[in-house]
Structure formats: C-alpha cells, structure tokens
Amino acid sequence: MTERQCSRPIVIVIDTRSQESRLRPRLEQATEHDVRTVRNRESPLEAMTTPADTEGDGGVETNAEHSEDSALTSTTDTAAVSETARITPSAVVLELDRPGDIQSLLQRVHADLPAVPTIVAPHEGSERLATVALRADATEYVPTERDEDPIDRIVSTVQSKTSGRSDDGDSQYHNILATELPDEAFVIGEDGTYLEAKVRPESADLYTVPADELVGTTLEDAFPDSVAADLQDCLDRAIQTGGVQSIEYQTDTTDGRRQFEARVVPIDERIQGRRAVVWLARDITERVERERRLRSRQDQLETLNRINAVVRQVIETLVEAPARDTIEREVCEQLVDSELYCGSWIAERTGDGRLSYRTGAGDAETILECVRDCTGEYENPVAQAARTGELRTTNSITENESLPDELRAAAREDDVRSGIVVPITHEDATYGVLTVLASRDDAFSERERAEFRLLGETIGFTIMAVKNRQLLFADSIVELEFRIDGGDTFCFDLSEQYDCTGLLEWAGTTSGGRLFQYVTVDGLDGETVLEEATTHESVEECRLIHDGDEHCTIELRLTRSGVRTLANHGSTIRDVTVEDGVATCLIEVSQDANIREIAEALTVVYENAELVARREVDRAVRTAAERRSRILDELTDRQLTTLRLAYYGGFFDWPRESTGEDIAEAMNISPPTMHQHLRKGLKSILGEFFDDSTGTGTSTD
C-alpha cells in the first residue's frame with residue numbers, strides 16, 4: 001500500500017442524487033491525502049473508518065488504484081474488522097445543499113468522530129446554510145460557487161488540523177464570519193458587546209463607524225437607547241431559549257435612515273469566556289419600501305373602489321330624483337355619509353358673478369364661511385371652477401403657502417387637508433359647482449378626479465333632464481321672446497346677403513354629440529343655399545333635403561348653436577325666424593326656471609341677444625284618448641287601412657312577416673300606391689308628436 005493510500009483520507013459526502021463529487025478531482029490534485037466519496041445514506045458513518053491493511057468492497061468510491069468501489073469500512077468480514085486497526089478520516093467534507101441533511105449528518109459525525117474537522121461545502125451558499133453550519137459547529141463553511149477557490153480553504157483547514165495547530169475556541173466563528181456569510185454579521189456577547197464584526201465591502205460606506213472599530217463597543221454605543229434596549233431583549237431571548245430569534249430595526253447610516261432585519265443565532269460554546277450570539281443583519285430598506293408602496297397602492301385601490309361604490313350609489317339616486325333640490329341634497333349627504341369625506345356643498349354663480357350657496361352636508365362650516373367671505377385679489381378654487389368650468393384640486397391645504405392664511409387656518413380648525421371642486425355641467429351648460437373636502441392628504445388622485453369629473457357631468461345631465469321633464473308636464477309655462485341682432489352663424493349671413501328668410505324646423509343632437517339643424521329657406525333656391533352653406537365656417541356638413549325655385553329645406557351640421565345652449569338649460573324652442581340679419585327666438589321654460597341664467601347663456605353665443613318679452617301661458621290639457629282621436633282624424637281612410645294592414649300583417653317586424661307587395665295585394669292597389677299611403681300616414685302620426693311637442697331634441701344615430 002502506498003504512503004498516499006495509507007494516509008488518513010478526506011471523506012466527501014455527496015447527495016444520493018448526485019452522480020459524482022465536484023470537489024474530489026481537484027482535491028486529489030491539491031493534497032497528498034487519499035480522497036474518498038460516500039453517498040449520504042442512512043448510516044454513512046460506517047464508511048468513515050477503514051482497516052489500515054485491507055481493501056473493502058462497500059458502497060464508497062476511492063482514488064486507490066486497485067478499485068473505485070473500495071469501502072471506508074469493510075462489511076464482508078465483521079470479525080476481521082474488529083481485529084484490525086482503524087484509520088480515522090483527516091476531514092469530512094459535506095458536499096450537500098439541504099439544511100436538514102447537513103445538520104443531522106454533522107451531529108452524527110461530531111458524536112462519533114469529535115476530533116475530525118468538518119467542512120460544509122454546498123454548491124450554492126445561503127444565509128440559512130451558513131447559520132446551520134454555525135449552529136452545528138462546522139469547522140468551516142465554503143460555498144463552492146464563489147469566485148475564491150474553495151479547494152485552498154478546504155486544504156488549509158485540513159492541514160491546520162492534521163499538523164496539530166489548534167485555534168482558540170471561537171476560531172470557527174471568525175472563519176465563517178470572515179467572508180462567507182451573505183450579509184453583515186457580528187458576534188455579540190451576552191452583555192451586548194461586539195466581539196467580532198464582518199461587513200460586506202459594498203456596504204462598508206454606509207456605516208458611521210468602521211467595522212473593525214465596533215469590536216469592544218456595545219449596542220448602547222451604536223444605537224439610540226430605545227433601539228438598543230429592543231436589540232438587547234432579542235439577544236437575551238436567543239440565549240435563554242437556545243433558538244433563533246428575529247427582529248427588525250432602523251439605524252442611521254451615511255445614506256440616511258435604513259431598515260434592517262436581523263436573525264440572532266445563539267452559540268453553544270462560550271466565546272472569550274462568555275455566552276454569545278451570531279447576529280446576521282440584512283438591509284431590507286428596498287423591500288420595506290416596496291411593501292410600503294404596495295400597501296399604498298392597495299389602500300388607494302380600496303379607496304377608489306369605495307369611491308366608485310359611492311358614485312354608483314349617487315347616480316342610482318339621481319335617476320329617481322324628482323327635483324333639482326333633491327338631486328343636490330342627496331349628492332352632498334351621500335358623499336359625507338360614506339365617511340370618505342368630511343364636508344360637501346353645492347353653489348352656483350349669480351347674475352353679478354358671486355357664488356350662491358344652495359345646499360351642503362358635513363361639519364366643515366368654518367372653511368365654508370371663509371370661502372363665502374373670501375374677497376380681494378385672491379380667487380379661491382371654488383370661484384375659479386365656477387368661472388372656468390374646469391375641475392380644481394387642492395391637496396395638503398394646511399401646508400399650501402399659496403392659499404390665504406385665513407383659509408389655511410379654517411382648514412386646520414375643520415381638520416380639512418384636501419379639497420376638490422367639480423363643475424356641474426351638461427355640454428356647454430354649467431349649473432353650479434360641487435365642493436368636496438377630505439381629512440386626508442392627497443385625497444384626490446388622478447383616477448379619483450376622473451370619477452368626480454364623471455359625477456359632475458352626471459349631475460348636470462340629470463338636472464337638465466329634470467328641467468325638461470318639469471317643462472314637459474307643466475300645466476303653466478313661461479314663454480320668452482328674444483331678439484338676436486347680427487349673429488355670425490350661417491342663417492344670419494344668408495338672410496342679409498340674399499334678403500331671404502330662414503325658419504328653424506328642428507334642431508338637436510345625436511347620441512354621438514353631433515349638432516344638427518333642419519332649416520327651411522324662403523326666397524332662395526336650394527342650389528345657392530347649399531353652395532353658401534358648404535363654404536361657411538360655422539357649417540361642418542350640409543345636405544339638401546328639398547329644393548324648389550324660391551323655397552328649400554337643408555340639413556346642417558354646425559360647430560355651435562344658440563339653440564343647443566337653450567336646450568341644455570331646459571328650454572323648449574317653439575320658433576326661430578331669421579330675417580335681414582335679425583332673429584326672433586320664441587322659447588318655453590318652466591315656472592321656476594332661472595331666466596337670468598338662460599339669458600346669460602344665450603349671450604355667450606350671441607353677443608347682441610336681448611329678452612324682449614316674458615309671458616305666462618296655460619297649456620291645454622289633453623287626455624290620451626283625445627290625443628288618439630286627434631291623430632286618427634288627421635288620417636284618410638286609405639292611410640289608416642294601410643297602417644293597420646301593415647301593423648297587424650307584420651310589415652314592421654324583423655324579419656318581416658309581410659312584404660309591401662303582400663299589403664298592396666290585400667288592398668288591391670299597386671305597391672307604389674301602398675307605400676305612398678304608408679308614408680303619408682306615418683308622417684301624420686309623427687307630426688302629432690314632433691310638431692306639437694319640443695322644437696329640439698335628441699335622436700340616436
């Protein structure tokens with residue numbers, strides 16, 4: 001047997017799933033020791049002693065020339081083994097990556113071979129594996145994937161032990177702390193004194209005291225009293241329980257305050273004569289910040305969901321609201337009842353440009369009075385929104401130095417931190433502003449502003465609908481007559497240039513928001529009217545509907561129109577005639593309509609608009625039976641017969657149950673004649689509704 005084969009072997013324990021050892025070939029080149037491999041089986045220790053003068057055939061691998069399968073312990077002849085001297089390994093290297101396997105195997109090795117050095121050499125190191133190695137009293141911890149060559153460390157450890165050199169009792173902790181732990185690590189005595197410190201090079205600049213100067217200082221020297229007390233309590237628990245403890249704490253660094261998480265591992269042996277722990281510290285500032293941002297996003301999402309729910313609830317209420325006052329009161333109360341907001345009110349602009357309070361809810365009375373009384377050069381956000389029709393948001397009110405001192409003082413008294421002012425609008429009509437206050441800083445994000453913008457438009461649409469409904473069912477109305485001199489739209493220019501007269505037949509918007517007018521022109525042919533309309537800047541599109549020598553009807557799509565403005569304020573257009581550049585506009589409004597508001601809105605479109613007459617008119621009340629009789633009286637017998645045959649025969653169904661030819665055959669007339677009766681009959685019926693009701697309206701595309 002050669003000298004190499006007789007030397008005390010290095011035993012490498014590999015996982016049962018591994019095909020071969022990664023370290024063995026390199027160790028064979030770097031040392032004179034025999035290197036043997038054993039798989040981590042239930043009883044691998046049986047293979048860790050071997051007869052000095054025999055060759056085995058157990059389940060191990062060696063680099064001996066005679067066999068790759070020779071065992072560390074012979075299992076073929078128990079009696080022979082008992083009579084033969086055994087060789088103890090010079091070192092045991094655990095090439096394992098599972099913490100449980102490392103811990104259990106180290107315990108068995110130390111129990112049977114207490115003098116043999118043990119080296120934990122996982123492929124990929126981690127804090128957990130390093131902690132397990134420390135707690136299980138491993139001599140060395142050498143992750144093999146590091147840039148530093150692990151073979152030198154292993155050989156150095158083996159040589160120091162076999163040469164008889166001894167280290168002091170805490171050398172293994174010094175070795176492991178030196179370079180291998182993935183984060184900052186310290187050995188701290190039971191009294192809180194730093195015994196050893198290791199800081200990663202990339203983190204060294206963060207420390208106000210260099211790591212080598214920490215040794216000998218205490219936790220109280222390094223941290224404020226309250227933090228030091230918490231850290232000492234954690235250290236005491238680790239020593240008293242013998243278990244790993246964890247704690248999070250903050251400390252001041254050269255990069256500001258940062259958050260750390262520590263795992264405190266008690267050491268079984270005494271270090272420098274005292275109980276101690278290994279303190280593994282990890283900088284978790286970025287993780288904490290990510291978690292904070294995530295919680296913030298979750299809170300924002302939860303708040304936004306609550307806002308969405310409140311807005312939906314408010315909108316559901318608006319659908320059934322009978323009057324404008326009810327709409328506004330319900331909106332303010334529901335916003336405050338949601339507990340998301342501390343105050344809410346609605347105001348409108350009066351004829352002199354001031355704000356008039358209509359209704360509100362909540363306890364923010366001081367700031368409301370301050371906004372009411374705010375005068376001078378400063379224009380508060382409520383007045384700005386009312387004037388411009390644009391949404392306004394003010395966050396951190398008490399800290400906003402651009403606001404007047406009295407307004408900020410009122411906000412502090414009412415505990416108001418954020419506010420939003422929402423115009424209540426429908427198309428070009430502004431009915432007022434909704435102000436909402438919150439006790440939260442930055443309460444109105446972009447998504448929340450979008451929700452409130454939608455709420456303002458919904459309230460505006462509902463107010464407009466209520467105005468129209470009140471006008472439609474009112475027994476008594478107010479008739480207003482306006483004179484408009486020198487408008488700059490198409491009909492004004494056409495009447496002046498060609499001395500013709502324009503009569504509005506109908507005006508309204510489609511569901512897509514496009515504005516249409518149907519105008520009959522007397523005194524001019526259709527070709528000329530169409531040519532002028534095509535080139536006029538106020539007309540986007542035009543189409544000739546009916547043409548005659550001195551009479552035509554044209555469809556216009558306009559960029560703007562006073563007719564639309566009046567409709568948005570709950571007015572019904574009864575008649576509009578334009579002659580010699582002057583228009584006479586007759587409209588109907590409800591008894592409680594704000595006539596000054598309507599006049600001002602019309603002035604925005606036509607500068608020279610003047611209210612010349614105001615008359616109260618009683619409407620004739622007709623029952624459904626009377627209306628039906630009137631419709632039937634307008635139809636001829638042939639028209640009524642055609643409509644009945646078409647209706648009951650399924651002509652209007654889809655798909656049709658009867659064709660036009662079927663209806664014509666039943667009447668014994670030609671199909672063209674049948675369609676003529678059908679169209680005239682339908683026109684009479686539709687005329688009863690359209691000509692006798694509103695002059696404007698909304699149709700669908």
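How are helix 22 and helix 23 oriented to each other?

## Helix pair

Helix 22 and helix 23 are oblique to each other, because their axes cross at roughly 130 degrees. Angles under 35 degrees count as roughly parallel, over 145 as roughly antiparallel, 65 to 115 as roughly perpendicular, and the rest as oblique. The axes of helix 22 (residues 637-648) and helix 23 (residues 660-667) come within 10 Å. Axes are lines fitted to C-alpha atoms, over the stretch in contact for helices, with angles from 0 to 180 degrees between N-to-C directions.

Helix 22 supplies R638, T641, T642, L645 and A646 to the contact, and helix 23 supplies I663, A666 and M667. Contact means heavy atoms within 4.5 Å. These residues divide into five nonpolar, two polar and one charged.

## Model basis

This is a predicted model: local features need pLDDT of at least 70, side-chain atom pairs count only at pLDDT 80 or more, and totals for chains, interfaces and linings use all residues. Residues are numbered from 1 along each chain as its sequence is written, and side-chain values use heavy atoms, with hydrogens and water left out.

## Chain overview

The chain holds 24 helices and 27 strands. These are DSSP runs numbered from the N terminus (helices H or I, at least four residues; strands E, at least two). Of the 701 residues, 46% count as buried (under 20% relative accessible area, 1.4 Å probe, protein chains only).

## Cysteines

The whole structure has zero disulfides (pairs of cysteine sulfur atoms within 2.5 Å). For C552, the nearest cysteine sulfur belongs to C500, 8.4 Å away. C552 is buried, at 0% relative accessible area.

Definitions and conventions
Ala, Val, Leu, Ile, Met, Phe, Trp, Tyr, Cys and Pro count as nonpolar, Asp, Glu, Lys and Arg as charged, and the others, Gly among them, as polar. Buried means under 20% relative accessible area, exposed over 50%, partly exposed in between (1.4 Å probe, protein chains only).
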